[in-house]
Amino acid sequence: QPTLADLAQRHGRYFGSATDNPELTDGPYVALLGSEFDQITPGNGMKWYATEPEQGVFDFSQGDEVVNLARANRQKVRGHTLVWHSQLPEWLTAREWTAPELRAVLKKHIQTEVRHYRGKVFAWDVVNEAFNEDGTYRETVFYKTLGPGYIADALRWAHQADPRVKLYLNDYNIEGIGPKSDAYHRLAKELKAQRVPLHGIGFQAHLALQYGYPTTLEDNLRRFSRLGLDTALTEVDVRMQLPATEEKLAQQAQWYRDLTEACLAVRRCVGVTLWDYTDKYSWIPAFFPGEGAALPWDEQLLPKPAYFALREALGGR
Ligand code: G3I
């Protein structure tokens, strides 16, 4: 029987999952990760705190482990992430920086990491979560020290280090049309007009049953396509208040079906990535107490209704 990856490939798309280094000792988990998906994203291992734990001292061992696994399984890898306000190393957050100092630090980090993974990742989440919910810039250390131009600079530096890799901006709560996705649309248009190397927008799609489905997803993806950009659903999960009931799992399945169909309906939506595939390794319970059951496989690695909905959405039986 065809895998999700096989089915997605018939549409010229990939179907992927995030993973994380500690889970790679779990045999049955790794087996399913290797067989069902044709793309993986390291959940933490390529972040700044992991890759440059001391200033100027780089450690790519965690990311490399994921890249090597992907190569063995013939999977593509999404690089995640170069510039983010979260999970920064202590040396960076513990002191003040002048603009010239931080520019140099940022450029070196980006270029060293992008060069290291040149030819090994097909895309980078260059800047992650740059905007607030109301569409204003998030006041990160990068924004406050360097101004909004840090985004264009980051994209240019990454492009110099690997001219072939696809460069994305990535965020959550931008699946529907609204102030936050409008901010990305405006910025993307500006960056394109200025010939800044931007190739795609990643829609994380951390959805929650209690907040409703983003019904404008397909239209939203399409307006970014029209700017000449790729789009991708990069961190999909659909959480719910526990306990999971048959009814909630059915609704969740419907959402997984709908979001997959939305991607397939938009020519430049290149693929879908789950933010891990099993509830066993979901980030949700630790961050949203009382919520969970967000992924298509349960904690025993058994497929849930959402898995069968994904197969159907991809045209399988
Ligand atoms: O590495 C330490 C370990 O040494 C320690 O014993 C343990 C105790 O709490 O914590 C470990 O660090 C955890 C880290 O994941 C690695 O497992 C952190 O506490 C935990 O906060 C961190 O969570 C990650 C989260 O980003 C941080 O914001 C999740 O695994 C990761 O899935 C999640 O991913 C993000 C994306 O990068 C961006 N979009 C949102 C998404 C969900 O938050």
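# A guided look at a predicted model

Visitor: Asp276 lies in a loop; which elements stand on either side of it?

Guide: Happy to start there, and please keep in mind that this is a predicted model. The loop that holds Asp276 runs between β9 (269-274) and α12 (284-287). Asp279 is found in the loop between β9 and α12 as well. So the elements you asked for, according to the DSSP runs, are β9 and α12.

Visitor: Is Asp276 buried or exposed?

Guide: Its backbone is worth a look before we count neighbours: phi of Asp276 is near 75°, a positive value in a residue other than glycine. A residue counts as buried once 20 or more other C-beta atoms lie within 10 Å of its own. Asp276 has 27 of them within 10 Å, and therefore it is buried.

Visitor: And how far apart are the C-alpha atoms of Asp279 and Met240?

Guide: Asp279 is itself buried, with 23 other C-beta atoms within 10 Å. Along the chain, Asp279 and Met240 are 39 residues apart.

Visitor: Let's turn to the strands. Why is β4 described as largely enclosed by the rest of the structure?

Guide: Strand β4 covers residues 123-128. It pairs in the parallel sense with β3 over four bridges, and also in the parallel sense with β5 (residues 166-171) over five bridges. The reason for calling β4 largely enclosed lies in its buried residues, which number six of the six.

Visitor: In β4, which residue is the bridge partner of His80?

Guide: Strand β3 spans residues 76-83, and one of its links to β4 joins Val83 with Val127. The residue you want also stands opposite Tyr168 in β5. The β4 partner of His80 is Asp125.

Visitor: Which residue stands opposite Val77 in β3?

Guide: For this one we go to strand β2 (residues 39-42), which pairs with β3 in the parallel sense over two bridges. Strand β3 is largely enclosed by the rest of the structure, because seven of its eight residues are buried. Opposite Val77 stands Ile40.

Visitor: What is the omega of the peptide bond from His80 to Thr81?

Guide: Thr81 belongs to strand β3. The bond from His80 to Thr81 is cis. Its omega is near -5°.

Visitor: Which exposed residues are on the face of α4 turned away from its buried side?

Guide: Helix α4 (residues 61-73) has 13 residues and reaches 18 Å, close to the 18 Å expected. Gly63, Val66, Val67 and Ala70 are buried in α4. They cover an arc of only 100° around the axis, which puts them on the same side of α4. The face turned away from that side carries the exposed residues Ser61, Asn68 and Ala72.

Visitor: Last stop, the ligand. How many polar residues does the shell around it have?

Guide: The residues around the ligand are Gly43, Asn44, Ser86, Gln87, Asn128, Tyr172, Gln204, Glu235 and Trp283. By class, two of the shell are nonpolar and one is charged. The number of polar residues is six.

Terms used: Residues numbered from 1 in each chain as written. Predicted model: local features only at pLDDT ≥ 70, side-chain atom pairs only at ≥ 80, totals over all residues. Near = placed C-beta within 6 Å. Nonpolar A, V, L, I, M, F, W, Y, C, P; charged D, E, K, R; others polar. Buried ≥ 20, exposed ≤ 12 C-beta atoms within 10 Å, placed from the backbone. Pairing = 2+ DSSP bridges. Expected span 1.5 Å × (residues − 1). Arc of directions from axis to C-beta.
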